[in-house]
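Biologist: Could you take a close look at one part of this model with me? I'd like to go through it slowly, one residue at a time.

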Amino acid sequence: MTIAEPVLAPWLLWLCGLVSLVVVGLALSRRPWVALLEDHALQHRWLAATVMVMLLWQLRAQAVDWLTLHLMFTALLTLIFKAPLALLSITAINIAMVLLGRIEWSLLGVNVLVTGVVPALVMGIVWRLVDRRLPDNLMVFLFVCGFFGSALATLATGLAAVGLMALGASDAEALRQALEYARFLPLLMPSEAFITGMLMSILLVYHPGWVATFNDHRYIDTK
């Protein structure tokens, strides 16, 4: 989902922009571009995935004037490239949406926070849990990360958007519409989970080395 019109108080727009800037800065501090420069195949995959997700974001439903609904694919990007590169992808996609006139510059920080930071953080926590606490089992990784993790990330995104509206909506009608949108979250979660899980299944079967969060030696070779 993307907020398309400034229906939040200016102070909240600035706050979200600051939080997004700090988190993206932390991602850049991990120097993710080094891996891209050293691995041309990874560079091509990351660029192709970023462009593909940007195109898929054009398939959207205009729920209300200020809100558009679409699949995010942030959880998928986080699993494939890890959080720093995933955040760079989502930031680049949101900037492209601004340049295309889909959203206003003042909403860039909010949308990076909602569509990038929140789902990437949730997906990263789920992956760490699977990596450190659960058995080294391919199906555990696929279902907990690919399906459950992406559904949870979608839920967190929706709740974050509704929470921001409750905190600083400049229009009472927009807040009411946001609360109505929250009722559709159970319908959006399975869609994101199914597509993420399906694509992860294909990658883990044919190209497990492409998934940065997946260790094929632990999950496949030792079985």
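Modeller: Let's start with Lys 82, which counts as partly exposed because its relative accessibility is 35%, and partly exposed covers what falls between the under 20% of buried and the over 50% of exposed. Keep in mind that this is a predicted model. Where does Lys 82 lie? You'll find Lys 82 in the loop between helix H4 (74-81) and helix H5 (83-99). Now check its backbone: Lys 82 isn't a glycine, yet its phi is positive, at about 75 degrees. That's worth a second glance, because most residues other than glycine have a negative phi.

Together with Arg 30, Arg 128, Arg 132 and Arg 133, Lys 82 forms a positive surface patch. Arg 30 sits in the loop between helix H1 (10-29) and helix H2 (33-38). Is Arg 30 buried or exposed? With 62% relative accessibility, Arg 30 is exposed, since the cut-off for that word is over 50%.

While you're in the loop between H1 and H2, look at Arg 31, which is placed there too. Arg 31 has a relative accessible area of 52%, so Arg 31 is exposed.

Key. Residues are numbered from 1 along each chain as its sequence is written. This is a predicted model: local features need pLDDT of at least 70, side-chain atom pairs count only at pLDDT 80 or more; totals for chains, interfaces and linings use all residues. Side-chain values use heavy atoms; hydrogens and water are left out. Patches are made of residues with over 30% relative accessible area and no salt bridge: like charges are joined within 9 Å, nonpolar side chains (Val, Leu, Ile, Met, Phe, Trp, Tyr) within 5 Å. Accessible areas come from the Shrake-Rupley method with a 1.4 Å probe; for residues, only the protein chains shown count as cover. A salt bridge is a side-chain nitrogen of Lys or Arg within 4 Å of a carboxyl oxygen of Asp or Glu. Lys and Arg count as positive and Asp and Glu as negative; His and the chain ends are not counted. The place of a charge is taken as NZ of Lys, CZ of Arg, CG of Asp or CD of Glu. Helices (H or I, at least four residues) and strands (E, at least two) are DSSP runs, numbered from the N terminus. Buried means under 20% relative accessible area, exposed over 50%, partly exposed in between (1.4 Å probe, protein chains only).
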